[in-house]
Amino acid sequence: MTKQILLTCGAGASSGFMAAAARKAAKKLSVDAEVKAKSETEVASLLPETDLLLVAPHLKYMIEEVKELCEANGVKYNIIPQRVYGSLDGKGLIEFALKQFETE
């Protein structure tokens with residue numbers, strides 16, 4: 001089953017570049033995942049169709065709010081490591097995302 005991964009940052013621009021790199025990496029690694037990027041204001045409406053929410057490192061101050069929303073919707077969540085986000089490391093993001101699913 002395709003994993004639905006949602007990335008979020010302030011306006012969705014930098015996470016959009018990150019999502020594009022992650023989609024390329026997922027295809028190359030044969031990982032069945034759909035990676036989208038949206039602004040923080042759109043997250044709540046998209047959680048019902050999301051398996052994993054990954055938050056840009058510069059939004060870590062929002063993690064308590066994210067935690068409440070995600071737990072209410074049964075969605076896994078985490079903060080994207082700065083080294084992955086800062087270098088737009090698509091492969092690193094996919095590997096990080098897969099680790100989040102290992103606890104299922």
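Reader: What is the mean pLDDT of the protein, and how many of its residues reach 70 or more?

Author: This is a predicted model, and the mean pLDDT of the protein is 93, with 97% of the residues at 70 or more. Among the elements, helix α2 (residues 43-46) has the lowest mean, 92, while strand β3 (residues 52-55) has the highest, 97.

Reader: How do you know whether the radius of gyration agrees with that of a compact globule?

Author: For 104 residues a compact globule would have a radius of gyration near 13 Å, and the protein has 12 Å, so the value agrees. The C-alpha trace spans about 35 × 30 × 20 Å along its principal axes.

Reader: What makes a residue count as buried, and what percentage of the 104 residues does so?

Author: A residue is called buried because its relative accessible area is under 20%, and 43% of the 104 residues of the protein count as such.

Reader: Why is the space lined by Gln4 and Leu6, among others, called a cavity?

Author: A space is called a cavity because a 1.4 Å probe fits there but cannot get out, and the structure holds one such cavity of 30 Å³ or more. About 50 Å³ of space lies in the largest cavity, whose lining consists of Gln4, Ile5, Leu6, Lys36, Leu46, Glu49 and Thr50. Strand β1 (residues 3-9) gives the largest share of that lining, three residues, and by class the lining has three nonpolar, two polar and two charged residues.

Conventions: Residues numbered from 1 in each chain as written. Predicted model: local features only at pLDDT ≥ 70, side-chain atom pairs only at ≥ 80, totals over all residues. Heavy atoms only, no water. 1 Å grid on protein atoms, 1.4 Å probe; cavity = no way out; pocket = protein on both sides within 12 Å on 5 of 7 lines; lining within 4 Å. Points joined across faces, edges and corners; volume = space filled by probe spheres on them. Helix = DSSP H or I, 4+ residues; strand = E, 2+ residues; numbered from the N terminus. Nonpolar A, V, L, I, M, F, W, Y, C, P; charged D, E, K, R; others polar. pLDDT = per-residue confidence, 0-100. Rg over C-alpha atoms; globule rule 2.2 N^0.38 Å. Buried < 20%, exposed > 50% of the residue type's maximum accessible area, 1.4 Å probe, protein only.
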